[in-house]
Amino acid sequence: MAENGIKHQEVGHKSLLQSDALYQYILETSVYPREPESMKELREVTAKHPWNLMTTSADEGQFLNMLLKLINAKNTMEIGVYTGYSLLATALAIPDDGKILAMDINRENYEIGLPIIEKAGVAHKIEFREGPALPVLDQLVEDKKNHGTYDFIFVDADKDNYINYHKRIIDLVKVGGLIGYDNTLWNGSVVAPPDAPMRKYVRYYRDFVLELNKALAVDPRIEICMLPVGDGITLCRRIS
């Protein structure tokens, strides 16, 4: 059993389910048959990239796509883009005149997915900005006209800055709007004993994820729902 636990910690970035076979069943039964061709193509291109662990899982992509349609999102933001799988899921979900402000420190990774996003006919919805997100967020927050203008904000970037992102984007998302924080169960490490075997990057960011989870749980401005989809996603609905 211990062996299986360690093995699952390696693959767990994609799913927290205890059975890999069960996760495969979900993908093959419900996700892959409905996955848009462009998303499949981008997922397969990303799988060949050395940092492919950073991508959003296919089941989470499907979840985000449906969620955005359910809330009729139109003006959105994404912090942390990588090759753009979740970005494409968003772009396909929002209306033709919808907008996504997408930020990442690495344009090269974004450009891996860009030809596929263009071919899907949704590139016009995306405003990509290369560089750290915090200065851009500070600029947006400074102008009161931007307050409460975003329907949905998805954060999948440097975990050590999640708290700093939250302090800013809480003003930018509208009351009734949603923020999604990715990786909030962080490979299952949030409940692992301190001496458990874990990759260096998992160990390094673990405390930051724990700190965020505690902060979100007591933030009176939001309602939260933590879901074991992908590597854990916490949805925050702004209520004040």
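This is a predicted model: local features need pLDDT of at least 70, side-chain atom pairs count only at pLDDT 80 or more; totals for chains, interfaces and linings use all residues.

Visitor: Why are H4 and H5 called roughly parallel to each other?

Guide: Helix H4 (residues 58-70) and helix H5 (residues 85-93) pack at an angle of about 30°, with their axes 8 Å apart. Helices (H or I, at least four residues) and strands (E, at least two) are DSSP runs, numbered from the N terminus. Axes are lines fitted to C-alpha atoms, for helices over the stretch in contact, and angles run from 0 to 180 degrees between N-to-C directions. Angles under 35 degrees count as roughly parallel, and H4 and H5 are therefore described in that way.

Visitor: Which residues make the contact of H4 with H5?

Guide: Contact means heavy atoms within 4.5 Å. Among the residues that meet this are Ala 58, Gly 61 and Leu 64 of H4, and Tyr 85, Ser 86 and Ala 89 of H5.

Visitor: What makes Thr 184 buried or exposed?

Guide: Buried means under 20% relative accessible area, exposed over 50%, and partly exposed in between (1.4 Å probe, protein chains only). Thr 184 has a relative accessible area of 0%, and is therefore buried. Thr 184 lies in the loop between strand S5 (173-182) and helix H9 (200-218). Leaving aside neighbours within four places in sequence, its contacts include Val 190, Val 209 and Ile 233.

Visitor: Why do S3 and S6 stand at the edges of the sheet?

Guide: The open sheet of seven strands has the order S3-S2-S1-S4-S5-S7-S6, with mixed pairing. Strand S3 (126-130) and strand S6 (222-227) each have a single partner strand, so one side of each is left without a neighbour in the sheet.

Visitor: How do you know that S6 and S7 pair, and in which sense?

Guide: Two strands pair if DSSP finds at least two bridges between them. S6 and S7 have six bridges, in the antiparallel sense, and the count therefore meets the definition of a pair. One of the bridges links Ile 224 to its partner Cys 236 in S7.

Visitor: What makes S7 mostly covered?

Guide: Five of the six residues of S7 are buried.

Definitions and conventions
Residues are numbered from 1 along each chain as its sequence is written. Side-chain values use heavy atoms; hydrogens and water are left out. Angles under 35 degrees count as roughly parallel, over 145 as roughly antiparallel, 65 to 115 as roughly perpendicular and the rest as oblique.
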